[in-house]
Amino acid sequence: LCSYAERMKDYFENLMGDTDVIVDAACKDEKWNLMSSCFQLLFDVLGALFAWPGFGSKSWRELFKQALTALAKRDDNPKNQSIQELTGFACRYLETFSQHVPKLTVAVSLNALIESIVQQSRVSEFQPVISALSGTFLKQRWPEIESEKANKFNELIQPLVRSHLQFAADSIDLIKTIATEAFGELREEDAVASKSYPTLGRFSASLYHR
């Protein structure tokens with residue numbers, strides 16, 4: 001699964017280059033959308049594996065450690081390391097995919113995968129990693145902003161907004177920043193969306209407010 005995901009990342013990296021700009025024309029291409037769906041499915045499958053409730057049992061912790069090791073080995077060559085250390089390697093490996101995510105749906109699946117791993121590891125020090133990653137995705141301008149209906153788009157970004165706030169190192173400070181800066185940008189004349197949080201627009205303001 002990791003090998004397939006890496007091939008997908010290379011495919012989109014070659015198309016998108018080093019600018020991290022998603023070209024609207026490419027997003028309408030049938031092959032682009034098919035590859036995006038495959039990318040998302042890979043993260044969904046990995047996410048389902050790491051979200052397995054059995055990993056929370058003492059009798060299955062060793063199996064969870066083996067699963068983490070499989071991811072960690074893609075980033076380093078860990079030997080006899082703790083779950084805490086393996087979680088760090090696994091998160092760092094998965095974060096490399098975030099730089100060339102083609103669609104918001106893929107971003108949501110990747111974020112959910114990392115969240116499952118951190119939650120299963122029970123290592124709270126990695127929670128800010130989830131917040132930072134979801135924040136990165138919320139600060140991007142996605143093609144779905146124009147193509148999806150408001151309700152559908154809000155449904156997509158809802159888990160990202162929740163993760164961004166819930167796992168922040170200082171949730172209160174982050175809320176203040178969004179309330180003053182991002183919402184302030186949205187109140188500017190003729191503003192359709194916030195400049196710092198493009199996913200915060202008139203169509204999604206109620207979701208952010210909640």
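L41 is exposed, with a relative accessible area of 52%; exposed means over 50%, buried under 20%, and partly exposed in between, with a 1.4 Å probe and protein chains only. L41 belongs to helix α3, residues 30-50, where a helix is a DSSP run of H or I with at least four residues, numbered from the N terminus. The model is a predicted one, in which local features need pLDDT of at least 70 and side-chain atom pairs count only at pLDDT 80 or more, while totals for chains, interfaces and linings use all residues. Residues are numbered from 1 along each chain as its sequence is written, and side-chain values use heavy atoms, without hydrogens and water.

Together with L1, V45 and L49, L41 forms a nonpolar surface patch of about 350 Å² accessible area. Such a patch joins nonpolar side chains (Val, Leu, Ile, Met, Phe, Trp, Tyr) within 5 Å, from residues with over 30% relative accessible area and no salt bridge.

Another exposed residue is R122, at 54% relative accessibility. R122 sits in the loop between α6 (104-121) and α7 (127-138). The phi angle of R122 is positive, about 60°, although R122 is not a glycine.

The cysteines come next. A disulfide is a covalent bond between the sulfur atoms of two cysteines; the criterion applied here is a pair of sulfur atoms within 2.5 Å. A search of the whole structure finds 0 disulfides. For C2, the nearest cysteine sulfur is that of C91, 13 Å away. C2 is buried, at 13% relative accessibility, and C91 is also buried, at 2%.

How values were computed. Patches are made of residues with over 30% relative accessible area and no salt bridge: like charges are joined within 9 Å, nonpolar side chains (Val, Leu, Ile, Met, Phe, Trp, Tyr) within 5 Å. Accessible areas come from the Shrake-Rupley method with a 1.4 Å probe; for residues, only the protein chains shown count as cover. A salt bridge is a side-chain nitrogen of Lys or Arg within 4 Å of a carboxyl oxygen of Asp or Glu. Helices (H or I, at least four residues) and strands (E, at least two) are DSSP runs, numbered from the N terminus.
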